[in-house]
Amino acid sequence: ETQKETLGFQTEVKQLLNLMIHSLYSNKEIFLRELISNASDAAEKLRFKALSNGELYENDGDLKITVSFDAEAKTVTIEDNGLGMNRSEVIEHLGTIAKSGTASFLGQLTGDQSKDNQLIGQFGVGFYSAFIVAKQVDVFTRAAGAPVSEGVLWSSEGEGEFSIETLDKATRGTQIVLHLKDGEEEFADGSRLRTLVRKYSDHIAMPVMMLKEAPLGQEESEEDLAEGEEAKAPKEVAAPELETVNSATALWTLNKGDISEEEYNEFYKHISHDFGNPLTVAHNRVEGNLEYTSLLYVPETAPYDLWNRDAPRGLKLYIQRVFVMDQADSFLPLYLRFIKGVVDSNNLSLNVSREILQKDPNVDKLRTALTKRVLDMLTKLAKNEPEKYVTFWKAFGSVIKEGPAEDYTNREKIMKLLRFASTHTNSDAPTTSLEDYISRMKEGQTKIYYVVAENYNTAKNSPHLEIFRKKGIEVLLMTERVDEWMMSHLFDFEGKTLQNVTKGELELGETETEEDKKAQEEAVKEAAGLVERLKERLKEKVSDVRVTHRLTDSPACLVLNAYDMGAQMRQIMEAAGQ
Ligand code: ADP
Ligand code: MG
């Protein structure tokens, strides 16, 4: 095992490396954030593990990250004393991409730089971003608690392969040495690195240390040398002092008023793997019986794997400031799976596991509270920043539509968040809310009318709409796959029945005049013979033939019985082989 072996990257890694280096070049400085983020994760994981096994600290419980550089050798080094990795973990984590849906993500890449850039940002490149600026990366690592002889050196030029060998490593944790590409020497510079650490990693919980910058002209520390104290070993005389360059306090523990938008944004990038800024954030501290702090973000764009049921989701869970787990998915319902953030609770025991979480009644309480927080945040966004809400709805509207069926308690609140295209706006943009609809209802109108169709044009041109147009009654146009399913769970909103215009008898209520009714009765009498003949001809194919008043231009249309499955639902069922 000690001998050096050379292994090939998983195919997906090779593809990603290639694309990433080109697409992210204009964003190259993010490599530092990614590597510090990993170092911080590793330190936080160790702290959690050490709660049950203090030996892992190896007598050094002072968790930190160190960034250093060598301008002559053109290297930048990021070091942590976190959990570290053993040989097989190194091969797994730094040679493959374990994420589900990787292949489909890669398939979506187009070669168009700006589009790909965004996709890659959503996918998250993590460790591999080191190769944007480095022609060679060396990773020295040793798992906490493992013998000194079980250190590992992973090294690669980011082409197709990496080498791996076992060697002695005295300290636990991971040291990553970047050998900068020609032209990237600018990063081997103290003030540049300091600026980047402060910009991108200010409010991670771990201190990021760098050598104190010697004031100009005193680099050699002449005074110390002149004094020549015998007791001090020469090495110690020159021993440079480290200082913490970031704030090193977890962002959510600060007061809202002390946090800038920029700081919220950078913290979002640290926890979300997203390169873009969030759309909005809610930060709350709650005291009393249930004590928690939550920092919840709505992303601006949907992740590439939003529809993958196994995709990781959930909040980062901290208990009394200690990181416990990523993707804790017990704290929000599935229809809010796009929310990123942190929950830090004082009501849970640090001994939790995913299994225990599922049974702890405090988790249910937190879930109820956090769900409400998110719905309030979205309600506020819709009210105060309608343009942003449009962006939100485009990205996540179809996920929210799972909500009314999944979360009965919050049904009204969720329904207020829904947006549809409508005959009123005459555009396919989903901007009409149920409340908007009600505010425009005709005198005497008691129902909210809607039509479900495969696409906007079919919906808009549906013959079922003719009578509504004639009467000037608005109809909501639903064209998404989930619409019919969602509507099958919804019966009314604020006391108004939701009525599919293709189903059952239409009672247009008091919008019909006496004259209308008389004319209709006349028409029924006149057509009696025709109706009989049609019934005879079509008897195998239809359950009834009726004279209709809903059409003004078209001669006939098909109507479903009130409790029949809708056309769209039928197609979904048929496609599923039922
Ligand atoms: P992510 O951080 O999203 O998991 P990365 O590509 O950034 O993805 O890192 C891949 C994995 O490599 C991490 O999940 C972790 O297991 C491992 N890793 C990376 N850096 C370190 C480190 N400094 N210490 C320990 N493990 C690390
Ligand atoms: Mg990472």
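Analyst: This is a predicted model: local features need pLDDT of at least 70, side-chain atom pairs count only at pLDDT 80 or more, and totals for chains, interfaces and linings use all residues. Residues are numbered from 1 along each chain as its sequence is written, and chains are lettered from A and ligands numbered from 1 in the order in which they are written.

User: How far apart are the end C-alpha atoms of helix α7?

Analyst: Helix α7 (a DSSP run of H or I, at least four residues) covers residues 190–201.

User: Which residues of α7 are buried?

Analyst: Buried means that 20 or more other C-beta atoms, placed from the backbone, lie within 10 Å of the residue's own. In α7, such residues fall within an arc of 95° (directions from the helix axis to the C-beta atoms), so they line one face. They are L193, V197, Y200 and S201.

User: What stands opposite F493?

Analyst: Strands here are DSSP runs of E, at least two residues. β19 (492–493) stands at an edge of its sheet with a single partner strand, so one side is left without a neighbour. That partner is β20 (residues 496–500), paired in the antiparallel sense over two bridges (DSSP must find at least two). Opposite F493 stands K496.

How values were computed. Expected span 1.5 Å × (residues − 1). Buried ≥ 20, exposed ≤ 12 C-beta atoms within 10 Å, placed from the backbone.
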